[in-house]
Amino acid sequence: MEFNLENPLTNFNDSHSNAFTSLFLAESEHMPAENYFQSPKSKDFDISVRRETISIISQLSCNFDPLLSYLAVNYLDRFLSSQGMLQPKPWILRLLAISCVSLAAKMKGTEFSLFDFQGDGGFIFDTQTIERMEVLILGALKWRMRSITPFSFISYFISLFKLRDPSLKQAIKARATEIIFKAQNEIKLLKFRPSIIAASALLSAAHELLPLQYPCFRKATSNCSYVNKENLLQCSNAMQDIVIDGYESVFDMVSSSVTPVNVLDQQFSSTESERTNGTISGSSTSRSERDIKRRRIIGYCDNLTVQISRIQQC
C-alpha cells in the first residue's frame with residue numbers, strides 16, 4: 001500500500017479523533033534528535049553537509065512527486081542527527097542522497113530504477129552498495145519509515161478554521177503546503193514538532209489570504225489542547241521571516257528584471273523628495289533594514305498594478 005504523508009497511520013479503523021491523537025503522541029519519534037546541530041558532539045557539524053545533500057536529493061527527485069523529496073530529506077535529517085559527524089566526502093554525500101531518495105520512492109510506491117538516481121554526479125554505485133546504505137539508514141531510523149510530517153496535521157488544523165467555502169480551504173492548504181516545503185530547508189525550524197510547523201504554516205497562509213479572519217484562526221489554533229502556545233508563537237515568528245524573505249526575493253527579481261527602477265520609482269522618489277526636502281527623517285533611519293524592506297514590498301505590491309497601467313497608457 002502506497003504511503004501517504006497526509007495519512008501515515010495504518011490503523012484506519014480508528015475514529016477520526018483517535019487517529020489524530022495517535023499522531024500527536026507519536027510525532028516526536030519522527031523528528032531529528034534534540035541535539036541536532038546543538039550538542040557539543042555536533043558542534044563541528046558542517047551545515048554545508050546537509051545543504052549539499054539536500055541539493056543532491058532535489059536534483060535526483062526533480063521528476064517525481066515533490067512529497068518524495070520531502071520524505072527523503074526527513075530521512076536525511078533523522079539519520080544525520082543519530083549518526084553525528086559525517087565525513088563530507090562527495091561520494092558519501094551522493095550515496096546518502098541516493099539511498100534516502102530510493103527509500104522514499106519505495107515507501108511511496110513510486111516506480112523507478114537505480115539508474116534514474118545515478119545522475120551526472122560522476123559516481124556510479126552498484127545495487128549492493130546502495131542497499132547497504134539503505135540498511136544503515138533503516139537501522140538509524142529504527143525502521144520508522146512512515147514518517148509523521150507537518151502534512152499529517154494539515155487537515156486537523158484547517159478543520160479548526162471552520163471554513164465553509166471549499167475553494168478558500170483549498171487555497172489556504174495550497175499556500176501552507178508551499179510554506180512547509182520552504183521551511184524544511186531552515187535548520188532553525190527543525191526543533192519544532194511537525195504539528196507546530198503545520199499550524200504555523202496554515203496561520204501564515206491565512207494571514208496572507210484571509211487577514212480579517214486571521215485573529216479567529218489564531219485563537220482557535222492556540223486554544224487547541226495539543227498545541228504549546230509558546231512554541232507556536234516562536235515557530236510562527238520564525239516562519240514569518242521565511243515568508244518575508246520569499247517576498248523580498250520576488251520583489252528584488254521583479255524590480256530588477258521586469259521594470260526599470262527609474263520608471264516605476266520616479267514618481268515615488270520625486271514625491272518623497274518633496275516631503276523630506278532631500279533628507280531622510282530620523283525615525284526612518286532608526287528602523288531596521290528588514291522593516292524598511294517590508295514597507296517597500298507592501299508599497300510595491302499595492303502600487304504595481306497602477307503603475308504598470310500608467311506605463312502602458314504612455
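A residue counts as buried when its relative accessible area is under 20%. By that cut-off, buried residues make up 42% of the 314 residues in the protein. The model described here is predicted.

The protein has 14 helices and 0 strands.

The largest nonpolar core has 79 residues. Tyr-75, Phe-157, Phe-161 and Ile-172 have the most contacts inside this core. Helix H4 gives the most to the core, with 11 residues. With neighbours within four places left aside, Tyr-75 is in contact with Cys-100, Leu-103, Ala-104, Met-107, Leu-141, Met-145 and Ser-147.

Helix H4 spans residues 90-107 and packs against helix H2, residues 47-60. The angle is about 50°, and the axes are 9 Å apart. H2 and H4 are therefore oblique to each other. H2 passes H4 in a right-handed crossing. On the H2 side, the contact is made by Val-49, Glu-52, Thr-53, Ile-56, Ile-57 and Leu-60. On the H4 side, these residues meet Leu-93, Arg-94, Leu-96, Ala-97, Ile-98, Cys-100 and Val-101. By class, the contact of H2 with H4 holds 10 nonpolar, 1 polar and 2 charged residues.

Thr-53 belongs to helix H2. Its relative accessible area is 0%, so Thr-53 is buried. Residues up to four places away in sequence not counted, Thr-53 touches Leu-76, Leu-93, Leu-96 and Ala-97. Leu-93, Leu-96 and Ala-97 are among the H4 residues in the contact with H2.

H4 also packs against helix H5, residues 127-140. Here the angle is about 75°, and the axes are 9 Å apart. That angle makes H4 roughly perpendicular to H5. H4 contributes Leu-95, Leu-96, Ile-98, Ser-99, Cys-100, Ser-102, Leu-103 and Lys-106 to the contact. H5 contributes Thr-129, Ile-130, Met-133, Glu-134, Ile-137 and Leu-138. The residues of the contact of H4 with H5 divide into 9 nonpolar, 3 polar and 2 charged. Leu-96, Ile-98 and Cys-100 of H4 take part in the contact with H2 and also in the contact with H5.

A further helix pair is formed by H7, residues 166-183, and H8, residues 194-209. Their axes come within 8 Å and cross at roughly 125°. H7 is thus oblique to H8. The crossing of H7 past H8 is right-handed. From H7, the contact involves Ala-171, Ile-172, Lys-173, Arg-175, Ala-176, Ile-179 and Ile-180. From H8, the contact involves Ala-198, Ala-201, Leu-202, Ser-204, Ala-205, Ala-206, Glu-208 and Leu-209. The contact of H7 with H8 has 11 nonpolar, 1 polar and 3 charged residues. Ile-172, listed in this contact, is one of the residues with the most contacts inside the largest nonpolar core.

Notes. Residues numbered from 1 in each chain as written. Predicted model: local features only at pLDDT ≥ 70, side-chain atom pairs only at ≥ 80, totals over all residues. Heavy atoms only, no water. Axes fitted to C-alpha atoms, helices over the stretch in contact; angles between N-to-C directions. Helix = DSSP H or I, 4+ residues; strand = E, 2+ residues; numbered from the N terminus. Parallel < 35°, antiparallel > 145°, perpendicular 65-115°, else oblique. Left-handed = near helix turned anticlockwise from the far one by under 90°. Contact = heavy atoms within 4.5 Å. Nonpolar A, V, L, I, M, F, W, Y, C, P; charged D, E, K, R; others polar. Core = buried A, V, L, I, M, F, W, Y, C linked by side-chain atoms within 4.5 Å. Buried < 20%, exposed > 50% of the residue type's maximum accessible area, 1.4 Å probe, protein only.
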